[in-house]
Amino acid sequence: MFDSNGGENVSGPGTVVGANVKLTGTISDVNDIVIHGTVEGEVISDKTVTITETASVKGPVTAQVISVSGK
């Protein structure tokens with residue numbers, strides 16, 4: 001979907017990294033990001049990043065709200 005200005009619509013469910021996923025590189029979303037697996041790289045969200053108990057992130061995390069239960 002596109003908004004009236006021709007840009008992409010930013011509403012949506014966001015990004016989920018599953019518990020069995022290992023991601024290397026930058027992950028970026030204008031919506032929420034929830035991480036259950038492993039990320040080696042930068043995580044960027046315009047909203048919220050949630051790092052769950054099973055998650056591991058090695059790299060910088062940038063968001064309005066960051067919740068860390070993992071490492």
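**Note on the predicted model**

1. The structure holds one salt bridge. This is a predicted model. The bridge joins the side chains of Glu-40 and Lys-22, at 3.7 Å from N to O. Glu-40 sits in strand β5 (residues 38-40) and Lys-22 in strand β2 (residues 22-24). The two residues are 18 apart, so the pair links distant parts of the chain.

2. How exposed are the two partners, Glu-40 and Lys-22? Glu-40 has 34% relative accessibility, so Glu-40 counts as partly exposed. Lys-22 counts as exposed because its relative accessibility is 59%. The cut-off for exposed is over 50%.

3. Next, the sheet. Four strands form an open sheet, and their order is β1-β4-β7-β10. The pairing is parallel. β1 (15-17) and β10 (65-68) are the edge strands, each pairing on one side only. From one strand to the next, the twist averages 5°.

4. Look at one pairing within the sheet. Strand β4 (residues 33-35) runs parallel to strand β7 (residues 48-51), and the two pair over three bridges. Ile-33 has Val-49 in β7 as its bridge partner.

5. Then the core. The largest nonpolar core has 10 residues. Among them are Ile-33, Ile-35, Val-49 and Ile-51. Val-17, Ile-27, Val-39, Val-43, Ala-55 and Val-57 also belong to this core. β4 and β7 are the elements that give two or more residues to it.

6. Leaving aside residues up to four places away in sequence, Ile-51 touches Ile-35, Val-57, Val-61, Ser-67, Val-68, Ser-69, Gly-70 and Lys-71.

Note on methods:
Residues numbered from 1 in each chain as written. Predicted model: local features only at pLDDT ≥ 70, side-chain atom pairs only at ≥ 80, totals over all residues. Heavy atoms only, no water. Pairing = 2+ DSSP bridges. Axes fitted to C-alpha atoms, helices over the stretch in contact; angles between N-to-C directions. Core = buried A, V, L, I, M, F, W, Y, C linked by side-chain atoms within 4.5 Å. Buried < 20%, exposed > 50% of the residue type's maximum accessible area, 1.4 Å probe, protein only. Contact = heavy atoms within 4.5 Å. Salt bridge = Lys/Arg side-chain N within 4 Å of Asp/Glu carboxyl O.
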